[in-house]
Amino acid sequence: MGRAYSADLRGRVIDVVAGGASARGAAARFGVGAATAIVWVRRWRETGERTARRQGNPGGSKLDAHEGFLLGLIEAQRDITLEEMRARLLAERGVSAGVGTLWRFFDVRAITVKKRRATPASRSARM
């Protein structure tokens, strides 16, 4: 993802438009895209904002509010699968979440539940 333009450049484009120039003309003058300048000017006129907004997705997960419930599921049944957790979350809390969302939720918290399959005893243990 690209970086935001500098606040100085934004301010200069907005100042030129405030002085009577068109947004397209200001964009050509300062070497930015016409659509970019139009968006800057529109936001400035509507809200007065001149600075760039934060880029990227907001942090957090929709499962943060259900952390106690999910940890309780693991506490009650150590070998519960993500699919079973997903089904219980939907049935009991009405929250729809994918298996990947659950996996990321636990990965961020460094919570792992390892399952070990029953393996046959080694030859030396059988003798």
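## The largest pocket

Both α5 (82-93) and α6 (99-108) give at least two residues each to the lining of the largest pocket, where helices are DSSP runs of H or I with at least four residues, numbered from the N terminus. The largest share of that lining, three residues, is supplied by α6. This is a predicted model, in which local features need pLDDT of at least 70 and side-chain atom pairs count only at pLDDT 80 or more, while totals for chains, interfaces and linings use all residues. Residues are numbered from 1 along each chain as its sequence is written, and side-chain values use heavy atoms, with hydrogens and water left out.

The largest pocket has a volume of about 270 Å³, a volume being the space filled by probe spheres set on grid points that are joined across faces, edges and corners. A pocket is an open set of points on a 1 Å grid over the protein atoms alone where a 1.4 Å probe fits, with protein on both sides within 12 Å along at least five of seven lines, and its lining residues have an atom within 4 Å of a point. Thirteen residues line the largest pocket, and L82, W103, I111, T112 and V113 lie nearest its centre. By class, the lining has nine nonpolar, two polar and two charged residues (nonpolar: Ala, Val, Leu, Ile, Met, Phe, Trp, Tyr, Cys and Pro; charged: Asp, Glu, Lys and Arg; polar: the others, Gly among them).

## Helix α4 and its partners

Helix α4 (residues 67-76) packs with α5 at an angle of about 130 degrees, their axes 11 Å apart; axes are lines fitted to C-alpha atoms, for helices over the stretch in contact, and angles run from 0 to 180 degrees between N-to-C directions. The two helices α4 and α5 are therefore oblique to each other. Their contact (heavy atoms within 4.5 Å) involves F69, L70, L73 and I74 of α4 together with M85, R88, L89, E92 and R93 of α5, a set that divides into six nonpolar, no polar and three charged residues.

With α6, α4 packs at an angle of about 90 degrees, with the axes 12 Å apart, and α4 and α6 are therefore roughly perpendicular to each other (65 to 115 degrees counts as roughly perpendicular, under 35 as roughly parallel, over 145 as roughly antiparallel and the rest as oblique). Here E67, L70, L71 and I74 in α4 meet L102, F105 and F106 in α6.

## Helices α1 and α2

The axes of helix α1 (residues 7-18) and helix α2 (residues 23-30) cross at roughly 140 degrees and come within 9 Å.
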